[in-house]
Amino acid sequence: KETMDIPIPIPALATEPRFAQRLREHLEAGQLLDKRYQLQEVAGGHVALPVLEEKLSLLSLPQDIPCGLDGKVSSPRATCATSLPQDPIPSRTLRRRTPAQRLRDELRRLLGESWSEELERDVPCAWQRHGDLVLLSENSLRAAPWEQLGQVLWETVASALGARRLARRGRVLPGGMRTPSVTLLLGQDPWVEHVDNGIRYTFDVTKCMFSPGNITEKLRVASLPCAGEVLVDLYAGIGYFTLPYLVHAAAAFAHACEWNSHAVEALRRNLVLNGVQDRCRVHHGDSRELELRDVADRVNLGLIPSSEEGWPMACRVLRKATGGVLHIHHNVEALPAGSSPDAEAQHPAEHGGKEKQRARIRPEWKRWAEATALRIQELLAELHEQSWSTSILHIEVVKSYAPHVHHLVLDLECRPTLPTEPTASSPSTPDPTGP
């Protein structure tokens, strides 16, 4: 059942314009002026000065300003108690505040004399926003005084952050499905919508993970030339990478593999939301047991800390006659930048000879990429009983995952060195010429 939001009146004092500055100075001296709002003109040509509600009991006026604090106007020139008009105008100071500052100030007002430096350290400085829901970090607002405030705390936080729903993250539950432990604090519906690069993602925030730190990789994937290609995404989740491949990179078809039933539900919804459901088949289950063979021009292995368990299946689904490209995600540990004497400035040329901005590829990253390329080459030879070559096209640094640990993506081109004739059952699509 929907309820109508009723605006809370902001208490104020209304006075003649000639007394406004004098009254303002008096209220500021007593720390009674509510500086969140501007002075506003009200009926009768008076000026309304906002007053802090929690300090109304301390309010008194100078004798040289006529007043009627009981709300009754004793004369046309009296200052009287009133409230600001509906939709009061925020002050310039309030408009300049960051969301984090606004949240801290509102919570400080809520607690009053109970405020302390310890509680201030408990106030979050960052959060995730998904539509009208704000997801707080795990350690936010955990101190006992916050818990005692009950629902009013979450309503205050939501109001300060411009949200209608609030949730707080917990630890990721153990197991391979990376299910989050998230508690709804305000609101009933856990389904949210997030838009990245024009792609709509909807998911149950209490059941599915969403990593905003992967946006650079999603943007890169969206720019790859995949027209006419078949993609196999071995760890599709809610469609983090499947959708950019289909919506922006123009992949002809995608096989999206996912074993988490909550993520599969969101994935199916997202395919429909973005109008690409007819170009994707969802495989619900363990991707290591996938029955696909010899279909992919491109395989995405977006699992960290390591996607190594998926390498054999990635090799099986690649087209045997023409090969393709693997995008292999991995967390790689390296020494701090500049601490290794053999560090070099290197950025392998990206598809078609185009070069992105040069970045420093650390020796540990290069060694990991070379070892991975060799292992994939061996797997391909074992599985297909023929010789293959592998070439490192690109090493992408997605984000720092932990101190000295980086989430990398290796773009690895894999081609048979002794091409075989396509069988009658092989799909008749153009031979890929690279990513």
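## Helix 3 and its cover

Helix 4 (117-121), helix 5 (144-149) and helix 6 (151-161) are among the elements that cover the buried residues of helix 3; contact here means heavy atoms within 4.5 Å. Helices are DSSP runs (H or I, at least four residues), as are strands (E, at least two), numbered from the N terminus. This is a predicted model, where local features need pLDDT of at least 70, side-chain atom pairs count only at pLDDT 80 or more, and totals for chains, interfaces and linings use all residues. Residues are numbered from 1 along each chain as its sequence is written, and side-chain values use heavy atoms, with hydrogens and water left out.

So who's tucked away? In helix 3, that's Leu-103, Glu-106, Leu-107 and Leu-111. They sit on the same side of helix 3 because they cover an arc of only 130° around the axis, taken from the directions from the helix axis to the C-beta atoms. Buried means under 20% relative accessible area, exposed over 50%, and partly exposed in between (1.4 Å probe, protein chains only).

Helix 3 itself runs over residues 99-111, and its 13 residues reach 18 Å from first C-alpha to last, close to the expected 18 Å (1.5 Å times one less than the number of residues). Just after it, Gly-112 takes a positive phi of about 60°.

Most residues other than glycine have a negative phi, and most peptide bonds are trans. Gln-31, not a glycine, has a positive phi of about 55°; it lies in the loop between helix 1 (17-29) and strand 2 (40-41) and is exposed at 57% relative accessible area.

A cis peptide bond joins Ile-304 and Pro-305, with omega about 10°.
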